[in-house]
Amino acid sequence: MALWPLALSGQEAPLRYNAYGAPGLIDMPIASSAPDAELAFSMSSFAGQTRNTVTFQASPRLSASFRYADLDDVLGPQDVFYDTILDRSLALHYRFLDAGPHRPALAIGVTDFVGTGIYSGEYLVATTALRPDMAATLGLGWGRFAGIGGFHNPLGPAFSERPERVFGQGGTMTRNAFFRGDAALFGGLHWQASDALGVTLEYSSDAYPYEDGTAFHRRVPINIGVTYAPQPSLRLSGQYLYGSELGVQLTYVVNPMRPPYPSGFDLGPAPVRPRSAGGQPSMVDVGPLARALQSEGLTLHGLRADDAMLAVSVENNRYTTSAQAVGRAARVLTRMIPVGVSMVAITLVENGLHGPPITLRRADLELAEYALHGSDIIAAVADIALEPSPPPVIATRFPTFSWGIGPYLTPNLFDPDNPLRADFGMALDARWEPAPGLVASATLHQRLIGNLADATRVSTSVLPHVRSDFARYDREGDADIMDLTLAWYGQPSATIATRLTAGLFETMYGGISGEILWRPAGRDLAFGVEVNQLWQRDYGGGLGFFEGAITSGHASVYWQIGQGYQAQLDAGHYLAGDWGATLTLARQFRNGWSLGAFATFTDVSFADFGEGSFDKGLMVTVPLSWISGQPRRDVIARTIRPVTRDGGARVDIDGRLYALTQPLTPQAVTDTWGSFWR
Amino acid sequence: MGKFLAMRWLCLVFMLCSCATAPDPDVMRAMLTPEQVAQLRAPMIFVVAPTRRVAATLVPVGQNGGVRTWQTRDGVQIATQNGLVIASRGLGFDLMSADIGGTSAALRGGPLRYTRLVTYLSGDAQTIVVPQTCVMTAQGRQRHPANGIPVKVFVERCQTRDSFENTYHIGPDGTLWWSRQWVSAGVGALEIERIRR
């Protein structure tokens, strides 16, 4: 059963990830790429050198790795000895030429794009298949890859000097070092003996300049490794390294495009009831219609009945894709409205904001329900208007109150003293909607167990402590108001959405926030402005604030690049009073996954910022529906920062308009038509 | 209304069994005695998913043209056309749609070699169309164990990314009394028995 996603994609033997988490041999890289969108978690260790890497195949050609390494017994520059160095690095690997019948694949890579520079190295590498089960690799390396057998840089005299590495505060680009200094050759062979078993032999040009002699003794530049894949997503490797050490590696891969249950365990829909079958009421009865929609996870919001056309607006409480929500609503309507009505128009609603109505002929629904190309038929005949035309809100929709209790887990990764901290407890969520577009919500946490409060590190930031006192927030108070807000959403025109929120936005800030978004339907660009008047909450998690107001705000440009890639540029005033801009790049999958990275540069100097030099991080969103196969809209969303400092910091506010309106766009529906009949 | 309720109660009994203790499919089938079947007033099928060792009774919840939608008590559906499965819902690896015209014709004396098309949903909400190249062969006659009706046995071998074998037991009037039909690589085949026409 687990082989199903592989069977669908026709995937070949599992790719080997090297000890740095990149597609590779053992320590050296190869020119191959992982399957598109694959996410690999690898952990390798030998002689006190432990590397934990997350690698994302961001496009078919480009992969990015974030690495967190723990190096013991390192002799740094100027003969400074380190018992332990914790090193974060970002690597990029780009395959710029595909393998052909008479040419190898070629790739270029940088192993330490941002970081302390201990693993700094660059390469150009070629890989070719000698046989279907055997591949040979030859590479040219710089920096770390030019440790032995080095020769003059073939790129010319301008590249001959490589600056000395500085084990500094990190975060600064290691400028003028890329592809500089001596170069050397490396290479190796990989033999995939069976689907599960591979053998790798490599010649490593890494001299381990800081580890050799202190952490281990490098004797020969030859490594040999065996990789065993007990299941396609798991690879275990053992390797004998440099003639002196045994190493182990574990790699686990997951691919957002290959969920464990591609069609989900969504219960069967209420089937289409053809008009010829009869049984539909002679008049639209709002109560039963609302109940029928509710049993499909949809809340009836508004309704307008004309002679031949019935327009409804619904809130999607269950489905990841907008097209599935529309499809479920359409089927319910065929059962619950008079046979004389020949057209239905369905509008999706989020927090009172409306998407465009999607108009379908009843005859097409009857025809396409079980047609082979049923989704394509619907895609061809559905009419998506450019402008919302909200049906009048039904009387029974407002006010409503809902609440829930569930467990929560708040991890804090990469604390220098303990890279794995977390709190666990119970969360209470409540939501009250007194009128269309008005949403009051609250989240309370009661901590039960955890070690976030053990963090004793005191902020030494020279900036206002707008974020770096997070440990004090974790420490004080077991019961916290996580958020408590009243928000008012408006749609003054077809292309404009507005939000006004007041209350406690997050654990550290409260105040008033206003946002306006201009997002024309069917366009790739959107523009927004947000202005906030904020007060910093005190550490206790209650209703108290510290003195002094902060004004922050941003102007934002959002760009749908295509194929799910998104870019966002926010420029404005940050919490510590700094001015600057944040660039965010993300890849969003139609099934709800999203993986992205961001970096913020402000007028705070790298020195004033402190460790890390500037604010940056990764953003991961995993839909629970993807994991469990059960239809639901909640997600696990995490922003992972290597270090949390005060420069480039922003407030977190729920209900920001761009993400909120995303499922309402025509594209959200047209991209997912395949799930209309799911 | 009365017959509908009675049927629902019967289903409820079986489905509770399948949910709570997941008894052996054979045990569940044995509980559907001829006496109970005689009391049924509406069509019913009994479906076993051998790869998951679960079974359930399904009753019609929809009819659109020649396609009937059947549903278990807990909301899993299959859709059939002349007894041939053209869709499933709620199994995790569902058959989204199928053109089984070739199978249907071959069972009625048409060409014995044909191509079927089926669609699945990718993990990214896209439709995947998969062709299946099939050969139908008649395999003689036997009697349907539950009611003694003589049935013709047909075996359909299909090649696709996965190769599989479907079996059909067809009564004199064309009723498909028993079949084993491939759904997807994730679900495998379903064994479908017609309990009441």
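**Close-up 1. Residues that meet where helix H2 and helix H3 of chain A pack together in this predicted model.** On the H2(A) side the contact is made by Pro288(A), Leu289(A), Ala292(A) and Leu293(A), and these meet Ala329(A), Val332(A), Leu333(A) and Met336(A) of H3(A). Sorted by class, the residues of this contact comprise 8 nonpolar, no polar and no charged. Two packed helices are described by the angle between their axes and the distance between the axes. Here helix H2, which spans residues 286-294 of chain A, packs against helix H3, residues 322-336 of chain A, at an angle of about 145°, and their axes are 10 Å apart. The crossing of H2(A) and H3(A) is right-handed.

**Close-up 2. The contact between chain A and chain B.** Chain A contributes 38 residues to this contact and chain B contributes 41 residues, while the area buried between the two chains is about 3100 Å², with carbon and sulfur atoms giving 59% of that area. Between chain A and chain B there are 16 residue pairs in polar contact, counted where both residues have pLDDT 80 or more. On the side of chain A that touches chain B, helix H1 (residues 4-9) of chain A gives the most, with 3 residues, and by class that side has 21 nonpolar, 10 polar and 7 charged residues.

**Close-up 3. The salt bridge between Arg590(A) and Asp124(B).** Side chains of opposite charge can pair when their charged atoms come close. The count of salt bridges between chain A and chain B is 1, and in it the side chains of Arg590(A) and Asp124(B) meet with an N to O distance of 3.2 Å.

**Close-up 4. A salt bridge within chain A, between Glu211(A) and Arg144(A).** Over all chains the structure holds 33 salt bridges, and in the one shown here the closest N and O atoms of Glu211(A) and Arg144(A) are 2.8 Å apart. Glu211(A) lies in the loop between strands E9 (197-203) and E10 (222-231) of chain A, and Arg144(A) in the loop between strands E7 (134-143) and E8 (183-192) of chain A, so the pair ties together parts that are 67 residues apart in sequence.

**Close-up 5. Backbone geometry at Pro399(A) and at Ala37(A).** Most residues other than glycine have a negative phi, and most peptide bonds are trans. The peptide bond from Phe398(A) to Pro399(A), however, is cis, with omega near -5°, and Pro399(A) lies in the loop between strand E18 (383-384) and strand E19 (400-413) of chain A. Ala37(A), although it is not a glycine, has a positive phi of about 80°, and Ala37(A) is found in the loop between H1 and strand E1 (39-46) of chain A.

Note on methods. Residues numbered from 1 in each chain as written. Chains lettered and ligands numbered in written order. Predicted model: local features only at pLDDT ≥ 70, side-chain atom pairs only at ≥ 80, totals over all residues. Heavy atoms only, no water. Axes fitted to C-alpha atoms, helices over the stretch in contact; angles between N-to-C directions. Helix = DSSP H or I, 4+ residues; strand = E, 2+ residues; numbered from the N terminus. Left-handed = near helix turned anticlockwise from the far one by under 90°. Contact = heavy atoms within 4.5 Å. Nonpolar A, V, L, I, M, F, W, Y, C, P; charged D, E, K, R; others polar. Buried area = accessible area lost by both parts, 1.4 Å probe. Salt bridge = Lys/Arg side-chain N within 4 Å of Asp/Glu carboxyl O. Polar contact = N/O pair within 3.5 Å; in protein donor to acceptor, adjacent residues only side chain to side chain.
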